[in-house]
Each structure stands twice: as C-alpha cells, then as structure tokens.
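This briefing covers the ligand site, the aromatic pairs and a surface patch.

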Amino acid sequence: MKWQGVIEKFRPHLPLGSDVKAVTLLEGDTPLLPAPRLAQAVGLSGDLYLKVEGANPTGSFKDRGMTVAISQAAAEGSRAIICASTGNTSASAAAYAAQAGMEAYVLIPKGKIALGKLSQALLHGARIVAIEGNFDQALEMVSAIAQQHALTIVNSINPYRLHGQKTAAFEICDTLGRAPDYHFLPVGNAGNITAYWMGYCLYHEAGITSGTPRMMGFQASGAAPLVQGRPVRNPETLATAIRIGNPASWNGAEAARDESGGMIGCVTDEEILAAQRLLATSEGVFAEPASAAAVAGLQKVCGTDQIPVPSVIVCTLTGHGLKDPSAITDVCPEPVSAPANIDAVRKVLKL
Ligand SMILES: *Cc1c(COP(=O)(O)O)cnc(C)c1O
C-alpha cells in the first residue's frame with residue numbers, strides 16, 4: 001500500500017480518535033541505512049544503522065510529532081498553535097499549520113537559530129518573534145501565553161508530539177525484525193529519547209519484539225544538564241538544536257536511561273564537528289551538528305570498548321545538514337578559484 005504518513009501507518013498505537021483526520025506531509029518511512037564504513041572508522045565490530053530523519057518532509061524528526069499534535073489540535077477546533085523553538089520545531093510547526101489552515105506563532109532565541117530553519121518558518125507564514133533570551137526562557141513564555149490566549153502548544157510538552165515521535169522506534173523494529181541492542185541519539189529538550197523509549201517499550205509489551213535497546217543519549221558539553229544533574233543557566237553549543245539548559249522531559253530522559261540500562265553523556269563541539277565530517281565522508285550522509293552529537297557519542301563509547309560483539313546498533317540522525325550550512329562554511333576554507341581554462345583548473349585540482 002502506498003505510504004500515507006505515520007498516523008495511517010500506526011493509528012492503532014496512537015491516542016487519536018478514529019474520526020481524527022490526519023494533517024500530514026507524508027512524514028516517516030525514513031531510511032535505516034547500514035553504515036559499515038562509519039562502524040569501521042569508529043572501531044565498532046557490530047552492525048551499525050543510521051535512522052536518517054533528515055529525510056522527513058521539513059528535514060527533521062519533528063514532523064513525526066507535529067502530524068499527530070496538529071491533527072489532534074485541528075480535531076479539537078484549534079485555530080492557532082504556538083511553540084518555542086531552537087529551529088526545527090518552528091519549521092515543522094509552520095509547515096503543518098499551513099497545511100491545516102492554522103495560524104502559527106513562534107518564539108525563537110535571537111541569533112541562535114540556523115538559517116535553513118528560520119527560512120522555513122518565514123516562508124510557511126509563521127508569526128515569529130526573536131526573543132533576547134534562550135530557548136528555556138522562550139518555552140516558559142509560550143506556556144504562559146498559550147493559557148491566556150487559548151492557543152495549542154506544539155512543543156514536546158504536548159503529549160501528542162511524543163506519541164508521534166515514538167513511531168521512529170516502531171519503524172526501526174519493523175525493518176530490523178527485532179529491537180536493536182543499543183540506540184544512540186542526541187538529547188536537547190529530551191522529548192525524543194523519551195518518545196523512542198516509549199515506542200520500544202510498547203512494542204516489547206505487545207510481544208512484537210523480545211527485547212529493548214540500551215538508550216544512549218548525548219548532550220553538548222556546554223549544554224549538558226542531564227549529565228551534570230542540574231539545569232544549566234547559560235547553555236552554549238554550536239549545535240543550536242540541543243542548546244537547552246533545562247529540558248522539559250527531564251524525568252522521561254532519566255527513566256529511559258535507567259530503565260534501559262543506558263547512559264546520557266556529553267561531547268564537545270569539536271567532537272561534534274569531527275563526527276559530522278566523518279559521517280559525511282565515510283557514508284555520504286549530511287546531518288546537522290546536533291545529529292552528529294550522537295555519532296560523536298558512539299565514537300566516544302567505542303573508544304572505551306563498552307559495546308560487546310555481536311551487537312545491533314542504531315544511531316538517529318535527527319536533522320538534515322542543509323539546515324545549517326554555516327556550520328560548515330564557517331570552518332571550511334573557501335574553494336580556490338581559477339580562470340576558466342583547463343590548465344589552470346588541472347593545476348588547482350593537482351591532476
Ligand atoms: C529537536 C532536535 C533535537 C533534540 O531533540 P529533543 O527531543 O529536544 O531532545 C536534536 N536534533 C535535532 C536536529 C533537533 O531538531
């Protein structure tokens with residue numbers, strides 16, 4: 001049957017009434033890409049797969065949650081949605097709101113959102129305000145404003161978001177025919193690690209899979225509240241999607257870590273950029289810096305030899321690299337230019 005998006009595929013596992021019409025951009029069904037060259041490069045002997053969530057319609061996993069949250073909001077008669085965002089939530093919310101014919105209000109931290117994401121929110125017609133503060137402050141304000149004006153919040157504190165996002169775990173199990181042994185992913189506001197764990201547990205309890213993976217979450221070291229065990233007042237990292245100091249799903253992330261026997265660690269911005277490049281050169285996959293935090297985490301764990309063989313390892317690449325081109329152009333030298341003649345070009349290419 002042709003793909004109809006995550007709601008039609010997984011409706012029995014979602015808390016939506018049968019009369020709730022799907023607002024969908026046909027999100028989900030993303031590639032689970034075998035990554036043997038990356039595995040070798042990080043010294044891993046198990047089977048490594050990349051869940052390429054940048055292949056979603058707006059370029060990040062946020063679409064899985066947004067289709068469910070906005071479909072429910074539309075069914076309830078909501079005319080407008082609101083969110084705080086480090087970028088991808090606003091891009092996704094604006095796109096799905098456009099499709100639902102709803103107004104979208106977006107609060108972003110000024111100067112700290114990647115250009116690709118901002119341009120999406122702008123073009124889809126969201127009303128955007130760039131606040132002189134960080135994501136955590138934006139989210140607090142969104143909660144207050146939503147109450148006063150009867151707007152539907154579509155941040156991951158909206159439970160429908162997490163139910164949508166858990167479908168990525170279903171897809172992974174369906175494709176592998178089992179649950180992985182380890183699941184690596186970046187952690188910001190901690191909704192996604194909570195959602196994946198919910199999905200893996202649901203399949204296990206339903207008898208569809210016989211086990212659950214260890215959940216391996218990674219934060220940026222300048223924004224690692226879950227590692228430090230307390231909120232970070234001024235989170236800093238070039239991986240803007242995870243530049244969050246007080247995650248809304250704090251308890252969910254700790255439960256996922258502890259119940260699964262996993263861990264939440266952190267990686268530096270240098271490690272993130274190196275991992276982004278390694279992923280791009282070894283497997284041909286371009287992911288944004290926040291996504292590369294999971295790869296950097298994998299690299300770190302493999303360096304200390306904690307993963308037994310044989311193991312099946314999945315790493316979620318949360319967003320597309322094109323979201324944040326300046327993360328590359330800021331650090332890579334400009335291409336050398338040459339006159340338009342073959343000899344000059346050969347010389348530059350050292351042919
Ligand atoms: C939102 C986002 C994250 C963080 O996910 P949380 O659910 O907030 O932990 C990571 N990477 C990308 C690309 C994102 O858009």
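A nitrogen atom of the ligand lies 2.7 Å from an N or O atom in the side chain of Thr 318, a polar contact (a pair of N or O atoms within 3.5 Å). The protein buries 96% of the 380 Å² that the ligand exposes when taken alone, as computed by the Shrake-Rupley method with a 1.4 Å probe. The model is predicted: local features need pLDDT of at least 70, side-chain atom pairs count only at pLDDT 80 or more, and totals for chains, interfaces and linings use all residues. Residues are numbered from 1 along each chain as its sequence is written, and side-chain values use heavy atoms, without hydrogens and water.

**Ligand site**
- The ligand is surrounded by 16 residues, the closest being Lys 62, Asn 88, Asn 189, Asn 192 and Thr 318; a residue is counted if one of its heavy atoms lies within 4 Å.
- The side chain of Asn 88 places an N or O atom 2.7 Å from an oxygen atom of the ligand.
- A polar backbone atom of Asn 192 is 2.8 Å from an oxygen atom of the ligand.

**Aromatic pairs**
- There are four aromatic pairs, counted where ring centres of Phe, Tyr or Trp (its six-membered ring) lie within 6.5 Å.
- The rings of Phe 170 and Tyr 203 are stacked (planes under 30 degrees apart), with centres 4.5 Å apart and planes at 10°.
- Phe 170 is buried (under 20% relative accessible area) at 0%, and Tyr 203 is buried at 4%.
- Ring pairs link Phe 10, Phe 170 and Tyr 203 into a cluster.

**Surface**
- Val 336 is exposed (over 50% relative accessible area) at 62%.

Methods. Buried means under 20% relative accessible area, exposed over 50%, partly exposed in between (1.4 Å probe, protein chains only). A polar contact is a pair of N or O atoms within 3.5 Å; within protein, one must be able to donate a hydrogen and the other to accept it, and residues adjacent in sequence count only if both atoms are side-chain atoms. Rings of Phe, Tyr and Trp (its six-membered ring) pair if their centres lie within 6.5 Å; planes under 30 degrees apart count as stacked, over 60 as edge-to-face and the rest as tilted.
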